[in-house]
Amino acid sequence: IHMARHLITLEASGQSFPCDAGDTVLRAALRAGIAFPYECSSGGCGSCQFERVSGDLEELWPQAPGLTPRARERGRQLACQTVPRGDCTLRVRLKPDCQPSLRPTRRRATLVSRTRLTADMAEFSFRAGEPADFLPGQYALLDLPGVAGARAYSMSNLPNDEGLWQFVIKQIGAGRGGMALFEFLQPGDTIGLDAPYGMAHLRLGNDRDIVCVGGGSGISPLLSILAAAARAPELASRRLLLFYGGRTPADLCAPALLARDEALARRVECVTAISDPAYAGAWEGQRGFVHQVLQGWLESAGDASGYDYYFCGPPPMTDALQRLLMLEKRVPTAQLHFDRFV
Ligand code: FES
């Protein structure tokens with residue numbers, strides 16, 4: 001329907017950029033290299049809010065949780081859930097951190113394999129015609145057959161020239177993207193893959209040790225970050241730690257994923273935890289939620305500000321980690337790397 005190319009203008013700077021058919025305001029801005037604020041690209045976090053100055057805009061998901069009723073009343077909209085219907089002018093406060101170092105592009109990708117990791121998680125491998133350019137820790141927006149709207153998934157592999165994109169994905173419920181990915185999609189089928197997105201990528205250029213924290217499919221970007229860190233010559237003397245949690249031991253796919261990569265197996269110290277208090281089987285690891293296990297470890301680890309933190313998981317986990325690290329431990333925000341998803 002949106003076949004025309006529209007021009008979006010930013011009020012403050014007068015800067016203009018084109019928006020292609022099917023692109024949201026956010027995707028068009030990032031493709032143009034503009035530092036438009038965002039995190040999730042999925043309507044959940046609210047960081048991409050802007051105000052319409054003029055022009056006709058269509059909201060793709062009017063009930064998106066990222067916008068409070070109050071912000072809505074004040075005329076705010078979510079750039080990741082809005083497409084222009086003509087030329088338009090917006091008011092937004094740009095965020096230098098969000099300036100894309102690699103501009104996202106769209107491509108088609110073919111499912112090569114789907115490997116079961118646990119009862120509800122699998123590793124998906126897709127191949128595209130051009131190199132897979134992204135920073136370890138970033139995510140892609142996948143257009144799946146029969147699913148309205150794109151879904152965000154973090155890459156688990158390293159950037160590569162072979163065009164290989166891998167993701168550890170958890171099947172959540174029967175709806176959403178899960179059915180398409182786990183039931184309908186077959187090797188040889190193609191999907192739309194738009195990438196790279198996200199700010200929670202590996203940062204080099206300091207000498208702090210690295211602490212990764214995650215649960216479930218939150219292991220996906222952490223694997224990529226750790227694989228890159230384990231291979232980076234400038235990080236050869238740094239400690240690489242992974243705190244990984246699940247409900248029961250059967251949910252913990254991280255140790256097996258680390259073991260299959262020699263560099264990861266050698267470099268990463270992995271602490272696993274299970275959260276189901278009723279689990280009565282054999283278990284020698286930690287118990288509790290992964291942020292609690294990290295908290296306990298930090299008690300004996302000295303200054304919490306001596307580490308860079310990367311985390312990925314459901315909102316209750318990221319909220320708890322923010323409280324612990326920012327409020328309690330006073331770790332500078334520049335050392336915390338995560339993207340808030342719904
Ligand atoms: Fe739009 Fe998160 S980036 S709501």
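1. Two strands are taken to pair if DSSP finds at least two bridges between them. The model discussed here is predicted. In it, strand β14 (residues 209–215) and strand β15 (residues 240–246) run parallel and are joined by six bridges. Within this pair, Val 211 stands opposite Leu 241 of β15.

2. Helix α4 (residues 219–231) packs on the sheet, where it touches β14, β15, β16 (268–274) and β18 (307–312). The direction of α4 makes about 165 degrees with that of β15. Helix α7 (residues 290–300) lies across β14, β15, β16, β17 and β18, and runs at about 145 degrees to β15.

3. The sheet itself is open and consists of six strands in the order β17-β16-β15-β14-β18-β19, with parallel pairing. Its edge strands, β17 (286–287) and β19 (336–337), each pair on one side only.

4. Some backbone details deserve attention. Most residues other than glycine have a negative phi, and most peptide bonds are trans. The peptide bond from Ala 195 to Pro 196, however, is cis, with omega near 0 degrees. Pro 196 belongs to strand β13 (residues 190–197).

5. Ser 41 is found in the loop between α1 (25–31) and β3 (49–54), while Arg 330 is in the loop between α8 (315–328) and β19.

6. Are these two residues buried or exposed? Ser 41 counts as buried because its relative accessibility is 10%, under the 20% cut-off. Arg 330 counts as exposed because its relative accessibility is 63%, over the 50% cut-off.

Note on methods: Residues are numbered from 1 along each chain as its sequence is written. This is a predicted model: local features need pLDDT of at least 70, side-chain atom pairs count only at pLDDT 80 or more; totals for chains, interfaces and linings use all residues. Side-chain values use heavy atoms; hydrogens and water are left out. Helices (H or I, at least four residues) and strands (E, at least two) are DSSP runs, numbered from the N terminus. Contact means heavy atoms within 4.5 Å. Axes are lines fitted to C-alpha atoms, for helices over the stretch in contact, and angles run from 0 to 180 degrees between N-to-C directions. Buried means under 20% relative accessible area, exposed over 50%, partly exposed in between (1.4 Å probe, protein chains only).
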